[in-house]
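Hello,

Here is the structure I promised you. Please open it and read my notes alongside.

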Amino acid sequence: MNDPKKQPSKALARAENFIDEFNLQIPILLAPMPNATPPELAAAISNKGGMGACGALFLGAKEIRSWVKDMRSQSNGVFQLNTWIPDPEPKRDHKAERSVCEFLEKWGPAIPVGAAEIPLIGFQEQCDAFLEAGPSVVSSIMGLYPTDFIKALKDRNIKWFAKVTTVSEAISAEKAGADVIVAQGMEAGGHKGAFNASDADMNMIGLFSLVPAICDAVNVPVVASGGVADPRGIAAALTLGASAVEIGTGFLRCPEAAISKPWADAIARTKPEDTIVTRAFSGRLGRSIRTKYAVASVSDEAPIPAPYPIQRNLTKAMRDNASKENNVDGMQAWAGQSSSLAQSIPAGELVDRLWKGAVELIN
Ligand SMILES: Cc1cc2nc3c(=O)[nH]c(=O)nc-3n(C[C@H](O)[C@H](O)[C@H](O)COP(=O)(O)O)c2cc1C
């Protein structure tokens with residue numbers, strides 16, 4: 001039984017400071033996941049005192065405005081808006097792209113001429129829309145925001161959460177003014193947020209090593225992300241020095257996430273060894289379910305993927321076709337190593353269970 005006079009453990013005291021600082025009631029953040037974090041999911045989590053999120057990578061200013069409006073109509077809670085820091089212009093190699101297309105056409109339809117050229121949504125447009133929306137938190141992945149944008153965030157008292165994958169990235173993010181470091185372990189589903197795309201597979205660091213090392217290296221709060229999906233993971237992350245956790249795959253089976261059924265069902269069956277990291281969906285390294293395409297993409301016969309975003313553009317026809325056919329084998333079925341812990345229950349109920357269970361373990 002809990003002794004009411006007992007002091008909270010160091011882990012809980014750290015989490016309490018964090019939730020006070022960011023107006024939360026529990027130290028659980030929804031991870032920003034483009035096309036998988038609709039306002040319904042973010043609101044369900046923020047209405048329980050966690051932090052909602054919008055993965056805005058594919059959203060222009062109008063769509064960001066509409067996401068925020070929808071979110072605010074469903075919750076007064078806290079949320080973060082997130083996008084990717086752009087990579088340098090990719091070097092084009094038309095011969096290599098042709099081999100990628102030939103390989104992809106074994107998995108899906110013919111790739112239309114000009115497919116490689118689909119433009120990305122403007123980064124500046126997204127940054128401007130974030131400032132206009134005025135959320136409590138803006139977050140980054142794949143690098144650091146430009147200094148003028150960091151200043152604009154600070155002028156408006158919007159906090160910057162910087163996702164990192166190494167200690168040196170964490171130190172450079174803190175130096176640049178990040179208010180919180182989100183330490184992404186290699187267990188994480190989806191893209192790895194390495195600042196330098198070509199380093200990503202050389203720095204595969206598990207959360208158990210990454211969190212304490214970053215906590216020792218920086219003075220700002222650290223959020224743990226990657227493979228956290230149940231009370232044991234939350235208790236462990238807080239004990240390792242994190243002030244909160246950010247969960248992605250663990251929320252993907254919630255009905256509010258509204259991802260495709262084949263992907264959600266496959267997450268439930270995915271053991272830690274059933275995921276794989278590959279550049280073959282986008283050109284950036286990401287952790288996916290070990291689908292037939294993902295496995296073939298790392299075989300000796302597979303061509304080297306084109307850089308981001310060329311590879312993403314080239315795989316679009318295959319991914320769209322697989323979604324239409326409900327075939328998980330050609331889909332971009334991102335998932336972290338703790339996939340099988342994800343629960344198919346409403347997100348609000350899940351958040352309650354996760355936090356109650358973690359507090360019992362820590363106490
Ligand atoms: C489908 C999916 C999409 C993601 N997209 C983004 C993104 O756009 N921006 C970002 O900061 N993180 C993104 N991530 C990474 C998450 O923020 C987080 O680090 C990761 O989900 C944590 O690992 P977990 O999935 O094991 O919980 C994505 C993760 C997934 C599963």
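**Around the ligand**

An oxygen atom of the ligand lies 2.5 Å from an N or O atom in the side chain of Thr-249. That is a polar contact (a pair of N or O atoms within 3.5 Å). The protein buries 98% of the 590 Å² that the ligand exposes when taken alone. These areas come from the Shrake-Rupley method with a 1.4 Å probe.

This is a predicted model: local features need pLDDT of at least 70, side-chain atom pairs count only at pLDDT 80 or more, and totals for chains, interfaces and linings use all residues. Residues are numbered from 1 along each chain as its sequence is written, and side-chain values use heavy atoms, with hydrogens and water left out.

Glu-246 has one at 3.4 Å.

Strands are DSSP runs of E, at least two residues long; helices are runs of H or I, at least four.

**Two helices**

The axes (lines fitted to C-alpha atoms) of α3 (residues 61–74) and α5 (residues 123–133) come within 9 Å and cross at roughly 30°. The two helices are therefore roughly parallel (angles under 35 degrees).

Best wishes

How values were computed:
Polar contact = N/O pair within 3.5 Å; in protein donor to acceptor, adjacent residues only side chain to side chain. Axes fitted to C-alpha atoms, helices over the stretch in contact; angles between N-to-C directions. Parallel < 35°, antiparallel > 145°, perpendicular 65-115°, else oblique.
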